[in-house]
Amino acid sequence: MLGSTHGTLTTTPRSARVLACGERAPGGAVHGRARDAADPADPSYAALDVSGRPLHAPVPDLERFFRPEAVAVVGASDAEGRPHAGITRLLVGWAERVGARLHPVHPNRRTVFGLPCAPSVAALPEPVDTAVLLVADPLPVLAQLEGTKTRFAVVFASGFAETGEAGAAAQARLAQAAARSGVRLLGPNTNLNAFEHFREDLEGPAIALITQSGHQGRPVFALQELGIRVSHWAPTGNEADLETADFLSYFATLPEVGAVAAYLEGLKDGRSFLLAADRAARRGVPVVAVKVGRTETGARTAASHTGKLTGADATADAAMRQFGVTRVSGLDELQDTAALLARARPPRAEGVAVHAISGGTGAHFADLATAEGLSLPALSPQKQAELHQWIPDDLPVANPVDNGGHPVGDGRGRRIIDALLADPHVGVLVCPITGPFPPMSDRLAQDLVDAAEETDKLVCVVWGSPVGTEDAYRHTLLGSSRVATFRTFGNCVRALRAYFDHHRFTRNYRSPFDGVPRTPSPSFRKAQGLLRPGHSLSEHAGKQLLRAYGIRVPREQLCTSAAGAVRAAAQVGYPVVMKASAPQLAHKSEYGLVRLGLTSASQVRDTYRELTEGALAEGVEPEGVLVCQLVDPGIEMAVGITQDALFGPTVTVGLGGVLIEVLRDTAVRVPPFGEDEARAMLGELRGAALLHGVRGRPPADTDALVEVVLRVQRMALELSPGARRSSGADDGSGGDGGSGGLAELDINPLVVLERGQGAVALDALAVCR
């Protein structure tokens with residue numbers, strides 16, 4: 001695939017190569033929630049990967065935030081008509097419910113709502129777990145909290161990073177004050193959703209909620225009215241200190257949490273979020289998120305609201321998929337998908353059976369389900385014959401099953417349901433009911449609930465009535481914790497896809513952080529001498545960089561005279577390719593500075609002169625002319641590195657050549673990732689079929705392409721701007737304090753030859769920071 005002369009990584013055994021790029025390590029994660037992140041007490045534990053980014057994030061102890069014993073309300077008021085009076089009343093009621101002692105703080109009041117009022121935090125009668133700051137300027141209060149043993153502070157005030165540079169500076173001072181006082185800060189620009197009235201009478205796995213805009217969490221919180229338990233709500237606001245990742249890590253460790261639902265406007269730190277998502281994935285905890293910023297307008301609005309970068313949406317989307325976060329589009333999907341994932345048992349089979357009272361209803365649902373990638377297996381002839389005992393012979397029962405309506409009104413209805421659930425290929429039974437038709441729909445709902453209580457398979461109902469006040473819906477279906485009830489076909493099929501995807505993901509999940517490289521490779525030392533901070537590399541230097549990492553390039557020589565070019569052509573072997581070479585010539589073909597298929601010394605001599613003069617005409621002094629091997633045709637791909645503001649280095653693969661910017665057929669991943677993820681990138685491409693061979697062409701060497709992607713990932717980790725340049729005194733890297741690095745890399749085209757023949761990088765553009 002790749003010859004042993006093309007770099008120091010090439011002769012490494014395959015298993016070790018994959019491990020070095022972050023695939024699998026011995027003793028990988030087990031399924032379920034038994035295994036967590038690496039133990040820092042382990043002598044083999046290292047806190048940072050080779051790029052200097054953390055491999056472990058501690059789980060903050062937030063128990064006393066959500067279940068405090070004592071709370072202070074700074075700025076408390078009981079003056080009617082004042083906003084703080086309503087907030088204080090809410091907190092007083094909440095403290096009574098959870099058994100917390102509440103201490104109002106106000107310099108001008110002796111009591112608030114009948115409770116003794118302290119004039120300042122210094123005068124509090126006892127240390128408090130949480131201080132809620134209802135003051136316009138929280139900075140002095142945070143300073144006063146130093147030495148009081150207060151664990152948490154909630155800053156309600158706005159006017160910080162969401163308002164611009166001055167507000168961001170004020171927020172930074174707030175974070176610094178909290179750090180000095182030893183207080184973990186929630187906010188600013190947050191609210192008091194954490195102290196809402198959570199129902200204690202509901203059972204079963206709960207949803208834990210994280211929102212950066214409190215109002216956006218209301219639909220999920222309201223699920224309690226439908227009998228679905230919500231255990232926590234973290235309104236993170238501007239995240240000056242505590243952030244989404246902190247709460248996600250904490251919620252993933254709680255045994256009562258069945259799923260985490262999140263509304264995200266931005267992420268404070270990409271790596272922290274991935275480490276938190278990794279913790280949830282290791283423990284099998286589903287995470288469902290709305291992430292705004294898909295469009296330029298949405299990204300702009302999000303930044304103005306929370307003062308954080310939203311990052312490139314394609315990168316955020318890929319990062320969430322890598323670590324098993326289910327991204328949904330709307331709040332209705334968020335509540336439906338989170339509720340299903342929180343409460344449904346793992347699937348026994350991946351087949352979905354549709355049981356309808358109308359052929360049109362079944363066909364409509366089947367279309368939507370199939371388009372979403374769900375499997376609707378045809379029932380066996382024996383199963384169809386069994387169903388026709390209770391369903392007229394002229395109705396189709398292959399799946400979807402059309403029962404004609406009347407059987408659901410008597411004893412036949414339950415027998416049909418039981419027969420479908422008994423099929424070993426069926427893991428989910430869906431009954432779409434577009435509108436109520438009592439009394440038959442009442443009996444159908446009860447039969448579905450009774451059957452769900454007796455099976456370990458998932459039973460779903462779509463109750464399509466726009467009214468939603470019917471007894472069959474409000475009491476029978478919503479009264480069951482074993483039936484998943486939806487109001488729309490679309491939300492049902494998307495939630496089911498997430499259900500199957502999540503369990504498939506967790507069954508196969510192995511954390512890429514377990515195998516990520518922690519020390520630089522020998523290739524890094526060679527590459528470091530090629531980087532020129534603040535400059536682009538010429539094609540020749542870029543190819544040397546690739547060669548250092550074991551990526552195959554054509555035979556070539558850089559020539560500074562026509563005679564030298566002729567000698568080089570003879571050594572490389574005719575026919576040859578010639579290109580003008582200079583750091584400023586990123587796209588040589590656009591300037592006519594590439595010549596293909598030269599077959600004689602005279603052609604080489606003339607072409608040398610033409611390319612040199614052509615470069616000078618463009619205002620570029622060439623470093624020379626490349627004389628290159630002409631590589632056999634293959635599938636032209638592109639592999640590259642870019643830098644994301646939130647996640648750092650990213651790796652992209654796509655169809656290459658001159659049409660890359662037209663087709664825009666690419667897939668992106670955030671390191672670390674392993675071989676399986678690299679192959680999944682190829683599967684995402686619209687043009688993936690080209691790699692498998694079309695119209696009589698042989699399959700391409702996808703193994704070689706995957707190998708290039710993994711080697712480029714290693715480059716991204718070791719050479720990215722800000723990466724730690726030295727991991728110890730013995731690595732020989734010299735160190736540069738994390739400056740410089742490889743800002744961008746574009747290998748295009750990367751010609752992928754026939755299976756077994758490898759892949760060759762014909763051009764490389766590298767930009768140094």
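This is a predicted model: local features need pLDDT of at least 70, side-chain atom pairs count only at pLDDT 80 or more; totals for chains, interfaces and linings use all residues.
## The chain as a whole

The chain contains 25 helices and 28 strands, and of its 769 residues 56% count as buried. Its accessible surface comes to about 31100 Å², and 51% of that surface belongs to carbon and sulfur atoms.

## Helices α12 and α17

Two packed helices are described by the angle between their axes and the distance between the axes. Helix α12, which covers residues 359-371, packs with helix α17, residues 489-508, at an angle of about 45 degrees, and their axes are 9 Å apart. The two helices α12 and α17 are therefore oblique to each other, and their crossing is right-handed.

On the side of α12 the contact is made by T361, H364, F365, L368 and A369, while α17 contributes F489, C492 and V493. Sorted by class, this contact of α12 with α17 has six nonpolar and two polar residues, and no charged residues.

## Helices α14 and α15

Helix α14 (residues 412-422) and helix α15 (residues 440-453) pack at an angle of about 35 degrees, with 9 Å between their axes, and the crossing of α14 and α15 is right-handed.

Here G413, R414, I417, D418 and L421 of α14 meet L444, D447, L448, D450 and A451 of α15. By class, the contact of α14 with α15 has five nonpolar residues, one polar residue and four charged residues.

Conventions. Residues are numbered from 1 along each chain as its sequence is written. Side-chain values use heavy atoms; hydrogens and water are left out. Axes are lines fitted to C-alpha atoms, for helices over the stretch in contact, and angles run from 0 to 180 degrees between N-to-C directions. Helices (H or I, at least four residues) and strands (E, at least two) are DSSP runs, numbered from the N terminus. Angles under 35 degrees count as roughly parallel, over 145 as roughly antiparallel, 65 to 115 as roughly perpendicular and the rest as oblique. A crossing is left-handed if the near helix is turned anticlockwise from the far one by less than a right angle, and right-handed if clockwise. Contact means heavy atoms within 4.5 Å. Ala, Val, Leu, Ile, Met, Phe, Trp, Tyr, Cys and Pro count as nonpolar, Asp, Glu, Lys and Arg as charged, and the others, Gly among them, as polar. Buried means under 20% relative accessible area, exposed over 50%, partly exposed in between (1.4 Å probe, protein chains only). Accessible areas come from the Shrake-Rupley method with a 1.4 Å probe; for residues, only the protein chains shown count as cover.
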